[in-house]
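Trainee: I am new to this structure. Please take me through a close look at its side chains.

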Amino acid sequence: MPIFKFTNPLLRLKDDLLDFIYPQSCPVCKEPVSQDAKGICENCWSNLTVLPHSFCPYCKSFFEEEDSVLRHRCVSLNRLEKRRILAVRSLGTFDDYYKTLIHLLKYNQKIPLGRRLAQRLGEKVSLDSNFSNCDLVIPVSLHPARKRERGGFNQREILAEGVSKALNI
């Protein structure tokens, strides 16, 4: 037990020294950030645009009312029976900010950043009535060759884990 008491301050000292010698910068605004920033500065994090609601995956219209998925008549489809996916939830549009963050997660394996994105997505999904009856969250699988190429890393699993945790499933 005493080993852990000494380990944490030593690890913190190591992180502080690394920050001093090799300062990290926010990938969005290029301002200096600490190890605790989880990949992005607080200013950029708070300024990320978040989409207001879930939306129809076919016509892209937002669902703004309670249980509106069931009442939605998609202009892209003739009958409700054709709909395989009822609603989609996204944090934001794929602008330069999100593109930078997603590429950091996907190609640089910035797991703390992925967990932070997953937590925010999970919060939004848990507040959306269109997902209140979800029993399961499944990450899109990655081809085995691609997974080997990335050293077993699949960013979708991190995102799905965060949403699942927020929904308590």
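Trainee: The charged end of which residue, R120 included, sits over the ring of W45, and how many Å is the charged end of R120 from the centre of that ring?

Mentor: Some ground rules come before the answer. This is a predicted model: local features need pLDDT of at least 70, side-chain atom pairs count only at pLDDT 80 or more, and totals for chains, interfaces and linings use all residues. Residues are numbered from 1 along each chain as its sequence is written, and side-chain values use heavy atoms, with hydrogens and water left out.

Now to W45. The charged end of R120 sits over the ring of W45, 4.3 Å from the ring centre. R116 also places its charged end over the W45 ring, at 4.3 Å from the centre. A charge sits over a ring if NZ of Lys or CZ of Arg is within 6 Å of the ring centre and within 35 degrees of the ring normal.

Next, ring against ring. The structure holds one aromatic pair. F55 and F62 form this pair, edge-to-face, with 5.9 Å centre to centre and 75° between the planes. Rings of Phe, Tyr and Trp (its six-membered ring) pair if their centres lie within 6.5 Å; planes under 30 degrees apart count as stacked, over 60 as edge-to-face and the rest as tilted. F55 is buried, at 13% relative accessible area. F62 is partly exposed, at 35%. Buried means under 20% relative accessible area, exposed over 50%, partly exposed in between (1.4 Å probe, protein chains only).

Another arginine is R89. R89 lies in the loop between helix 3 (68-71) and helix 4 (96-108). Helices (H or I, at least four residues) and strands (E, at least two) are DSSP runs, numbered from the N terminus. R89 counts as buried because its relative accessibility is 14%. A polar atom of the R89 side chain lies 3.0 Å from the backbone oxygen of L51. Not counting residues up to four places away in sequence, R89 touches residues including V50, L51, P52 and D128. Contact means heavy atoms within 4.5 Å.

Last, the cysteines. A disulfide is a pair of cysteine sulfur atoms within 2.5 Å. By this rule the count is zero. C26 is in no disulfide; the nearest cysteine sulfur, that of C44, is 3.8 Å away. C26 is buried, at 0% relative accessibility. C134 is partly exposed, at 30%.

Definitions and conventions. Polar contact = N/O pair within 3.5 Å; in protein donor to acceptor, adjacent residues only side chain to side chain.
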